[in-house]
Amino acid sequence: MKQFTTHTLPRILAIVSLVWASAAQADETCMSPYMAKIVGQEDVVYVWTLGEEGLGDEQDKLVTIDVNPSSPDYGKVIHTLSVGGRNEAHHSGFTDDRNYLWAGGLDSNKIFIFDVHTDPAKPSLFKTIDNFEQASGGVVGPHTFYALAGKIMVTGLSNSADHGGRTAMVEYSNTGDYVATHWHPTDQDLRGATKSGKYADGYGYDVRALPRRNAMFTSSFTGWTNYMMDFGTMLGDPEAMKRFGNTAIKWNLHTRQPEKIFDMPGAPLEIRCAWQPNHNYCFTTTALTSQIWLMYEDESGEWQAKAVGDIGDPSKVPLPVDISITSDDNGLWVQTFMDGKARYFDVSDPFNPKQTYEKVIGAQLNMISQSWDGKRAYFTSSLLDNWDKKGEADEQFFKAYTWNGKQLELEFMVDFKAEKLGSAHQMRFGAYGLYGLPRPWEKPANASAGKAASTDAAN
Amino acid sequence: MRVALATVAAILFFVSVQLALAEDIRLAPGDNKDNYESADYHTDSLALPQRIGAPADLLSFATRKQTGLPAPQHPANNQPDAQKIALGRKLFFDRRLSRNGTMSCAMCHIPEQGFASNELARSIGFEGRSLKRNAPTILNVGFYQRLFQDAREFTLEQQVWSPLLATNEMNNASIGQVIKIIQSAEDYTGLFERAFKQAPNMQNIGMALAQYERSLVAADSAFDQWLYGGDKSALTDQQIDGYELFIGKAGCVNCHLIGTQTALFTDQRLHSTGLGFQTSLGDSDSPITVQLAPGVFTSMEKARVESVGEKKPNDLGRYEVTLNPADRWKFRTPSLRNVALTAPYMHDGSLPTLASVVKFYKQGGVEHELLSPLIKPLNLDNDEQSALVAFMQSLTGDNVSTLVADAFAANNDRAHNNNKAAINRTAE
């Protein structure tokens with residue numbers, strides 16, 4: 001791996017991110033380097049949850065779970081906030097100051113901005129953006145919410161012209177004002193990017209940045225038509241199966257210009273960049289072709305992409321979905337939806353990942369969030385409303401595990417069906433310490449904040 | 001005099017803009033997947049910000065006779081009118097006319113995809129719910145005597161309420177709710193009043209949409225110029241061979257009619273080809289082939305597919321309307337005009353290409369007791385099959401690009417207007 005050297009442009013960015021990185025121990029390792037970090041143990045996990053017809057109030061909600069073992073409410077759902085509608089709740093992300101959590105609906109294109117700093121145990125709805133499609137000039141399916149300095153980069157999955165996969169990233173200010181639409185390069189308009197292979201499909205999915213290299217990376221999934229379609233129906237529809245992304249893109253972070261398009265066949269999804277200052281690489285995995293891919297800066301400073309390993313038996317389509325890198329860059333968790341497995345890969349040599357552990361977490365599995373020290377890992381079950389398994393196998397859960405480097409041990413679970421909540425999707429951590437607030441149960445008994453929190457905990 | 005000159009200038013401008021833009025329009029998905037089966041596949045994708053288009057004179061298409069089709073017919077109480085067409089066009093592209101603001105008519109009847117859907121076999125609607133059928137084209141829909149593939153509806157004015165209310169399409173809560181959405185949207189202020197001398201109501205919403213649909217007339221194809229226009233060079237030799245087979249040995253013309261003055265390519269009647277029978281009663285347990293990436297395929301057990309999916313629904317066709325067992329699996333003969341633009345084919349979109357449709361007819365459809373006697377195994381060699389395909393590719397109307405460019409312009413107007421006028425859905 002090429003050693004980190006400071007080039008002119010990234011220098012300022014690099015300094016900024018180093019300041020933050022050294023400020024504290026971060027929480028989960030998938031977050032933006034621009035973001036404020038939690039010190040120590042996370043107190044709550046926010047689960048962006050899909051409403052299910054016939055279950056409870058049938059609408060999407062933000063579910064807050066107490067995950068601090070020292071709390072009297074440890075392991076309990078302490079708050080739920082219903083937002084109206086089944087929006088195809090999917091991903092969420094904080095603003096860089098971590099005061100607000102943005103959560104998107106892949107179907108309705110609504111973006112719900114929750115205030116999580118006033119009372120971390122009881123998020124409130126601060127603002128709803130309901131003109132994402134119109135403001136962006138036709139982008140559909142707000143997916144990743146990624147904090148940049150004072151901005152939020154929202155990746156789209158689709159468009160309102162044909163509900164296919166061509167799409168853009170849409171940039172917003174932290175206060176929810178539209179800033180710009182950055183279209184993914186297509187053959188007709190490469191926008192200055194170079195095609196390194198045969199593809200420039202214009203599809204999008206995730207975004208991550210490596211500020212010290214002035215680099216931003218995106219991956220590619222599929223349009224509304226497919227992500228909203230019944231999964232089995234889609235597998236049996238040869239036309240639909242052609243509509244998946246086969247590209248990842250390296251962008252100039254500062255100018256937001258696409259620079260290089262990599263061919264990456266089979267729908268590369270989540271991107272996780274290494275944390276160590278001399279590790280200039282990011283991982284992603286392809287959902288359909290079940291490969292681990294590495295995007296890395298080579299000896300000459302050029303960015304390259306390479307398939308570095310298989311996940312399970314690709315011919316069986318295990319469907320790798322979420323991934324998570326450890327903060328020392330030595331491990332990569334890869335979740336496979338179809339067999340419900342969490343798989344741990346040793347990636348200390350990023351070019352030769354080796355699977356060293358696996359465990360079935362449930363009948364189906366999607367997301368993971370791990371603590372910065374890697375000792376705690378949380379899992380949820382739902383992939384997409386119409387892709388989740390049918391019948392008994394449609395388990396919906398939040399499961400909290402500890403990881404000792406060898407084994408995952410279940411600490412507790414919340415059954416989202418039994419609790420009539422819905423389908424559990426993405427998780428984000430919260431902590432009182434972030435906002436200079438004391439933990440309620442550590443406060444004197446007469447304090448009002450403590451009272452509010454314990455009232456809340458009753459449900 | 002001055003007015004006349006201005007009109008001529010305006011028409012000339014119109015024509016030149018249309019010609020300039022029509023050339024740029026690709027009559028296929030902007031996201032090209034031709035040859036995706038092969039590892040050699042390469043993309044040829046279009047940039048969405050360049051999907052701009054230009055308005056067309058739709059009134060002329062609604063009223064003018066085009067070579068190969070009869071003059072468009074309109075109900076006595078809904079005669080063509082530029083304001084009404086414009087209003088219907090606006091409604092057709094309006095995503096707000098669905099319960100959660102995501103589905104317009106045009107999300108399934110996609111302009112550059114032949115006003116159909118090329119990218120999936122059976123449509124999906126509200127919240128991704130599956131439909132049983134493939135979305136047919138809206139081009140020339142005004143020439144059908146009965147609508148839908150099971151012929152269950154009779155006028156376009158009435159038809160619109162099916163998708164507007166169907167829980168798996170646009171899923172509006174009620175007729176009144178649709179009217180309220182339109183009434184509370186600022187950008188509709190005065191439009192119904194000017195066009196219909198009435199506020200929006202159940203009837204005139206249907207009338208406006210029907211007016212737009214009846215303006216989507218697309219004939220004067222190479223075939224029309226050849227057969228009816230006297231241009232003997234308009235078809236290739238192969239296409240002429242295909243035509244001979246179509247009206248001769250292959251017997252297609254028995255149902256897809258071609259007249260002496262005009263050709264609708266439909267007998268307006270219903271027949272069973274056996275496809276519906278096959279889905280209902282045929283073998284459905286064999287593994288399926290699933291494409292994972294260009295040139296990459298795998299085989300998947302049915303049980304695995306069904307662990308994450310619903311079963312393919314039966315489709316009993318006309319029977320579902322009449323409950324008469326003799327009507328099982330019967331579907332209305334579709335017109336073949338513009339058929340090159342509307343893949344995949346048949347009521348369930350199960351045949352991907354025109355070549356696969358010809359192969360299906362060659363084997364005589366699917367044998368069963370209700371198979372139309374007009375369908376039987378055909379003795380067609382490869383050249384003959386290709387000729388039939390080539391013939392069907394000559395049926396694309398020469399103004400389709402103009403209609404598509406017009407639709408692009410309509411969609412861009414929508415995005416602009418809706419941004420200014422979000423619908424008020426505040427709680428009571």
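A pocket here is an open set of grid points with protein on both sides within 12 Å along at least five of seven lines. Keep that in mind as you tour this predicted model.

**Stop 1: the second largest pocket.** Select Gly236(A), together with Ile288(B), Lys302(B), Lys312(B) and Ser350(B); these residues lie nearest the centre of the second largest pocket. The space there comes to about 1,100 Å³, and 38 residues line it.

Now colour the elements around it. From chain A, pick helix H4 (231-235) and helix H5 (238-241); from chain B, pick helix H11 (275-281), strand E2 (288-293), helix H12 (302-307) and helix H14 (354-362). Each of these supplies at least two residues of the lining, and H11(B) gives the largest share, with four residues. Colour the lining by class and you will find 15 polar, twelve nonpolar and eleven charged residues.

**Stop 2: chain A as a whole.** Switch to a cartoon of chain A to see six helices and 31 strands. Of its 459 residues, 67% are buried.

**Stop 3: the nonpolar cores.** Select Phe221(A) and Leu319(A), the residues with the most contacts inside the largest nonpolar core, which has 88 residues. Then move to chain B, where helix H16 (residues 400-420) contributes the largest share of this core, seven residues. Back at Leu319(A), show its neighbours: among those it touches are Phe231(A), Leu288(A), Phe337(A), Met338(A) and Leu383(A).

Finish with a second, separate core of 32 residues, including Cys252(B), Val253(B), Val357(B) and Leu380(B).

Key
Residues numbered from 1 in each chain as written. Chains lettered and ligands numbered in written order. Predicted model: local features only at pLDDT ≥ 70, side-chain atom pairs only at ≥ 80, totals over all residues. Heavy atoms only, no water. 1 Å grid on protein atoms, 1.4 Å probe; cavity = no way out; pocket = protein on both sides within 12 Å on 5 of 7 lines; lining within 4 Å. Points joined across faces, edges and corners; volume = space filled by probe spheres on them. Nonpolar A, V, L, I, M, F, W, Y, C, P; charged D, E, K, R; others polar. Buried < 20%, exposed > 50% of the residue type's maximum accessible area, 1.4 Å probe, protein only. Core = buried A, V, L, I, M, F, W, Y, C linked by side-chain atoms within 4.5 Å. Contact = heavy atoms within 4.5 Å. Lists of a residue's contacts leave out its neighbours within four places in sequence.
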